[in-house]
Amino acid sequence: MLPFVLLFLLVFIFPIVYAIYSSFFQQVATGGGAYGGGELVNKFVGLENFKYVITSGAFWAGMGRVLLYTVIQVPVMIIAALALAMLLDSMVVKHIAGFRLGYFLPYAIPGVIASIIWVYLYNGQISPIVKGLAALGINVDFFSSNVVLASMANITTWTFTGYNMLIFLSALQAIPHELYEAARIDGATNWQIAIHVKLPNVRGAALLAMLMSIVGTIQLFNEPQVMQTADPGISYSYTPMMMAYNTSRGFLSPKGDGPSNAIAIVMAVIAGLLAMAYAFVERKVNEE
Amino acid sequence: MTSTTRDPLGNPVKDELAEPKRLRRFWRNPWSAERRADRIRERHENDLPRSMRASKVSKTVTIIILVATLIYFLFPIFWAVIASTKTPSQLTGSNGLWFAVPLSQLPDAIANNYATLLGWTRENFWRWVGNSLLYSSVSALIGTIVSVMAGYATAKFNFRGKGITIGVIMAAMLMPATLLTIPQYAIFNAIHLDNTMLAVIIPCCVSPFGFFLGRVYAQSSVPNELLEAARIDGAGEARIFFTMVLRLLAPAMVTIFLFMFVATWNNFLLPLMMLSSENLYPVTLGLYGMVSLATFNDRGALMMGALMGVLPVIILFLALQRFWRAGLAAGSVKG
């Protein structure tokens with residue numbers, strides 16, 4: 001027990017405490033002058049960093065993108081995963097092992113690598129997809145400012161749908177076979193079994209997957225960071241996580257630990273509120 | 001014994017006894033439910049009443065949907081394989097769906113791109129892969145052992161503050177983990193441990209999900225009677241844990257190890273923030289560094305690097321599929 005707790009304190013609790021502490025400070029140069037000069041010292045600035053984050057247009061624009069992403073990408077992915085799991089579980093197809101593995105395989109590709117591959121597949125010069133669509137008379141620019149968010153969402157969906165599908169498939173396969181037999185004797189059709197027997201049994205798994213996905217998309221970073229290499233339209237503060245990273249790296253001003261930790265804390269609070277709101281709504285719907 | 005047995009309906013059933021006995025016990029333990037489900041599915045496929053059988057139309061539609069999604073998931077990987085054999089001009093000029101050169105010249109094309117890849121990475125490529133292997137296996141190994149210890153302790157012993165400890169760790173599971181990277185970097189920077197291997201390994205050693213799995217398995221597969229019997233026989237707690245419990249939890253440990261290994265392999269932000277020396281990079285970060293160079297245009301060579309860089313994980317996936325599914329199943333049932 002002890003080793004885990006020690007590591008847990010070191011890796012989780014201490015950074016949280018440190019983040020809160022340092023979010024009240026900013027690094028300023030002693031010695032004055034417009035360009036600083038002299039030593040960098042930590043100066044207590046009270047709630048200044050939080051005021052900066054909360055009044056920052058860039059932060060809320062990034063948050064807006066991420067929330068839009070959450071509202072569209074997460075349900076699409078979960079519903080697709082659920083539908084695939086249901087189809088595989090439906091006994092229509094006999095040998096599901098190949099499908100199961102094929103759907104899950106993208107999860108083995110690291111997010112950065114997946115993003116690089118897709119960025120190339122969005123590239124009009126080399127992508128057979130873009131060329132093929134153009135041959136059909138459909139010209140898409142996957143990097144245009146209206147589409148780029150959807151292009152990113154596609155990468156996330158590609159990577160994680162199979163993972164969620166496997167979770168649902170496991171839940172479906174844990175349903176006792178007798179339940180289906182009983183439903184059949186009562187004259188239920190396949191469709192009715194799917195809706196009234198299978199769906200209620202994967203509710204718990206779906207709630208958890210949904211929550212995890214919401215928390216995951218709030219921290220969206222890999223996909224936009226990689227796409228930035230191909231699309232200068234993606235700014236340093238395109239998502240809040242990118243903003244926190246670039247603030248810490250000094251690419252955005254005010255820079256340093258204090259402001260970037262303040263961004264991280266505000267993000268964590270928003271993620272927590274969202275997760276709570278989702279769990280609350282889910283419970284309310286459940287009761288009715 | 002290789003003869004196939006048949007079930008009452010005449011369908012061949014794989015003979016379970018064909019597997020060596022010891023292996024069988026190891027593989028079956030928490031996985032038997034899933035395996036049974038597979039078997040039931042195969043056995044009952046043909047004995048549905050006529051009215052319940054899927055009609056031709058719905059069967060065809062289902063298969064079309066499943067195959068179309070399969071193509072969606074596998075196409076990028078297929079394209080990456082094709083692209084990894086091409087030069088920049090072949091990438092823009094040739095058919096994107098097939099090799100640009102005749103199959104007989106393929107080995108040369110591959111060798112060329114391989115040389116290009118090593119050139120771009122300044123001969124660091126295999127070093128990066130080695131780094132990734134090192135980071136992932138060391139942190140997964142340490143993480144698995146501490147997770148199982150903690151899971152076992154909370155499952156089988158009572159101590160003060162146990163409830164709140166479990167609560168906090170579970171809450172951490174829902175915490176956006178990448179947010180922690182920013183203060184973690186500040187701390188490692190302050191103690192001058194940034195830009196070292198430890199800066200990547202230590203944060204990756206802790207997995208609330210690993211703890212959760214360890215706890216679930218310890219609850220379900222370590223019988224209290226066995227522990228009591230061992231205590232009566234005079235075995236100390238440490239001895240019980242290392243000689244008995246670890247053996248019982250071996251399948252669970254494989255699962256936890258896999259999840260942590262892949263999590264570390266795929267982690268991008270942590271090495272991006274912590275490491276500045278190119279020779280410490282994991283393969284993901286190294287390849288990202290190549291892409292972000294303004295002058296970089298050898299996309300085919302990069303695709304080759306990407307494929308070789310994910311190969312170890314793919315092998316783990318293929319070889320240990322059952323353990324993946326077992327881990328995900330535990331998550332779904334408990335959730």
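Let's start with helix α5 (residues 111–121) of chain A: 11 of its 11 residues are buried, so the helix is largely enclosed by the rest of the structure. Buried here means under 20% relative accessible area with a 1.4 Å probe, protein chains only, and helices are DSSP runs of H or I, at least four residues, numbered from the N terminus. This is a predicted model, where local features need pLDDT of at least 70, side-chain atom pairs count only at pLDDT 80 or more, and totals for chains, interfaces and linings use all residues. Residues are numbered from 1 along each chain as its sequence is written, chains are lettered from A in the order in which they are written, and side-chain values use heavy atoms, with hydrogens and water left out.

What covers α5(A)? The cover includes α6 (128–135), α7 and α11 (222–227) of chain A, plus α3 (56–83), α15 (283–291) and α16 (299–319) of chain B.

Y120(A), one of the buried residues of α5(A), also turns up in the largest nonpolar core, which has 183 residues; Y120(A), F168(A) and W79(B) have the most contacts inside it. Such a core is a set of buried Ala, Val, Leu, Ile, Met, Phe, Trp, Tyr and Cys residues joined through side-chain atoms within 4.5 Å. Helix α7 (residues 148–173) of chain A gives this core its largest share, 14 residues. Beyond its neighbours within four places in sequence, F168(A) is in contact (heavy atoms within 4.5 Å) with residues including I78(A), L82(A), V202(A) and A209(A).

Definitions and conventions. Buried means under 20% relative accessible area, exposed over 50%, partly exposed in between (1.4 Å probe, protein chains only). Helices (H or I, at least four residues) and strands (E, at least two) are DSSP runs, numbered from the N terminus.
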